[in-house]
Structure formats: structure tokens, C-alpha cells
Amino acid sequence: MKAAQVYNDKIVVNTLKDIQLEGRKGAIVKVLGCGLCGSDIVKFKHKIVHNGAVLGHEIVAEILEINSDSGFKIGDKIVSSHHIPCGKCKFCKHGNVSMCEHFKQTNIFPGGFCEKVYLSDEHLKNVAYLIPKDITEEEISFYEPLGCCIRAIKRCNLSKGDSVLVVGLGSIGLLMAEGLKAYGYNVFGCDLIPERIELAKNMSIEAFNSRNLEDFEPLIKSKTEGLGVDAVFMTSGADKAIDVALKTVRQGGKILVFSSTPLNNGYPNNEIYYKELTVLGSYSPSPADLKNSYELLVSRKVNVKNLTTVYPLDKIQQAFDDTISNKIFKAYIKISQK
Ligand SMILES: [Zn+2]
Ligand SMILES: [Zn+2]
């Protein structure tokens, strides 16, 4: 089976030993395609993974072999996520499922950028869903990334009609904005790249260039009764984005951290204290968040059209390069035909 593996600063397509179920519980699936996640880019760029690693976790697949009482059968087309919480530990009991040890250890094998993947019985029972006929592979491939956004939205616990600013309008920022709209919030977005702002506007998101903060701050305030937004969602990994958040959030508002920043400078103590701000992080989705994501995609309450650029597996290096250079929004690696 062909797989894309990390080798130093390259992604190389190699032939690996074929995998079979061999009596195990779970399923072997043919990967139809897999979305390229921002976290794959971070792992590749910062060499967080070992040589030979197969990245990718946003898989759309067809079941080839199965041994499970999950209800799925051979030939079913499914979408699956990669981590499953134990449900019993301190973290799970407090709702911090993505900090659960079991969650961190579970994964799909060997990785999504591969012709075949092994899914455990736990995957099939907790985080896998059948794909309806009327939705495209590219659309449903947003199942896991939208799940991440929904987790962030739920963690903020806002009230209907609240105003929200999404800082950073890359694919995840646009997806976040779409999710926030679906939950009934009043959404603004900002970025520095004109094409991103344009695409956001085409998706009916009120989007602005935040390059001149001295103009942008009063603009956002003029749209929020002079107060600032109830919450800022930080999908940008730029250190400067923190300044945007602090200037535009209202007193008593929330800042949702959804990205790492290169300098890791953090949020200033005194702003948090005097403005009574809440700064909170959100990482990876729970099975419940994923269920919400699936429902929003299938009902098309969240629009993911026009976000994806498709690349064949052989061109995966190009997909990584184009994502890193902001040439495209979201890459979907097409791996096998139906
Ligand atoms: Zn992802
Ligand atoms: Zn747990």
C-alpha cells in the first residue's frame, strides 16, 4: 500500500507492507481521501514527528474488512476521527477529554495519508459515521476540523446573539466563523491577507483587514455599542494577533485560544485582571462535539464549499508547500477511487 511518509524536510510517497485485520477487532478501510490539517503542517515544519511517520487524520474511507458489532459492514463509506477518551479518568469526568491519556494514545494506524488504515473497534463505536449519498467527500472531510471548532464554541458558552470576532481567516478561521454563525452568534472576522478577507465576505462573514489596529479597534467598537465583542476566537498563530484580541474584546469578555504562537508570549496579567477577562484554550473534540459536527455538515447548516483544493497522493508535497505559503485554504489529498 502506498503511503506518504515524513523524511526530514520532505514528504515522500513509499510502498509499505499491506495491512490486514488478522483476527483483530475493528476494521481495515480503504482511504478515499484525507484532509491536510494545520496540525500536520506544524508537526512537519517543526519536526515533531520521527522519520517514517504517516501524517493525516481527517479521513474519508470505505470499509474493506470488518470484525465489529458496531453495525457497519463491508462497503460502507464512513468518516472517522482519530482519538477516543476513556470516559473514566479525572480529565474525562471534568470534560477535559482531549487531556485524557487514553485519548492521546489512541490513533488510526498508520495515518490518514495512506491507501489503507486500521480503525479499532473503539473508533467504529465512538467516532465513525456513515456518509450520506448527497454529500461530497471533500465536504464531509471537515468532520474532524469542524468538531474542533464546535468544541471551542461550546467551551465559550456564549448567549444567543452575542458578538464574536474570529482573528485569522485561514481555513480553520472560516470554519470557526461558519460554526459560530450556525450557533446564532453575530460574527466578525479579520485577517491581513486580502484574498482571505474576500473569501470570507463571499461566505457572508463581515470581514475586515486588521493591519491598522488604530482604525480597526474603533470599527469593531462602533459595531458593538462601543463596548467591543463578547468573545474573540484566536485561530491565527501570529504573535501580533494577541494585540488585536486585547483591543477588541469587551470588558468581562472571553478570549478563546485556538492556536500556538511562535514566541509564546502569552496574555498580559494586568489586562486580564483589570478587564476581568476570561482566557481559555480549546484543543481537540470529544465524541459529542464530533456528533454535532457531523449533524451540521450533513444538514448543510455549515457551508464548507469552495474551501478545498484537491491533490492526488503523489502531489502531497505540493499540498504541504501550497498550504505553508498560504496559496490555498485547505488541501484534501485524494488517495483511492471509490
Ligand atoms: Zn485536524
Ligand atoms: Zn479519560
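Two strands are taken to pair if DSSP finds at least two bridges between them, and this is the sense in which strand partners are named on this tour of a predicted model.

Start by colouring the chain by its domain assignment, selecting residues 2-142 together with 307-334 as domain 1 and residues 148-281 as domain 2. The centres of the two domains, taken over C-alpha atoms, are separated by 29 Å. Where they meet, six residues of domain 1 are in contact with six residues of domain 2, and on the domain 1 side these residues comprise three nonpolar, two polar and one charged.

Next, show the strands of the open six-stranded sheet, which follow one another in the order β10-β9-β8-β11-β12-β13 with parallel pairing. Select 206-209 for β10 and 278-281 for β13: these strands stand at the edges and each has a single partner strand, so one side of each is left without a neighbour in the sheet. Looking along the sheet, neighbouring strands are turned by 20° against each other on average, with direction ignored.

Now move to β9, residues 186-191, which pairs with β10 in the parallel sense over four bridges. Within this pair, select F188, which stands opposite E206 of β10.

Helix α7, residues 171-182, lies across β8 (163-167), β9 and β11 (229-234), and runs at about 170° to β9. Helix α10, residues 241-248, packs on the sheet as well, touching β8, β9, β11 and β12 (249-257), and the direction of α10 makes about 170° with that of β11.

Methods. Residues numbered from 1 in each chain as written. Chains lettered and ligands numbered in written order. Predicted model: local features only at pLDDT ≥ 70, side-chain atom pairs only at ≥ 80, totals over all residues. Domains from an automatic or database assignment. Contact = placed C-beta atoms within 7 Å. Nonpolar A, V, L, I, M, F, W, Y, C, P; charged D, E, K, R; others polar. Helix = DSSP H or I, 4+ residues; strand = E, 2+ residues; numbered from the N terminus. Axes fitted to C-alpha atoms, helices over the stretch in contact; angles between N-to-C directions.
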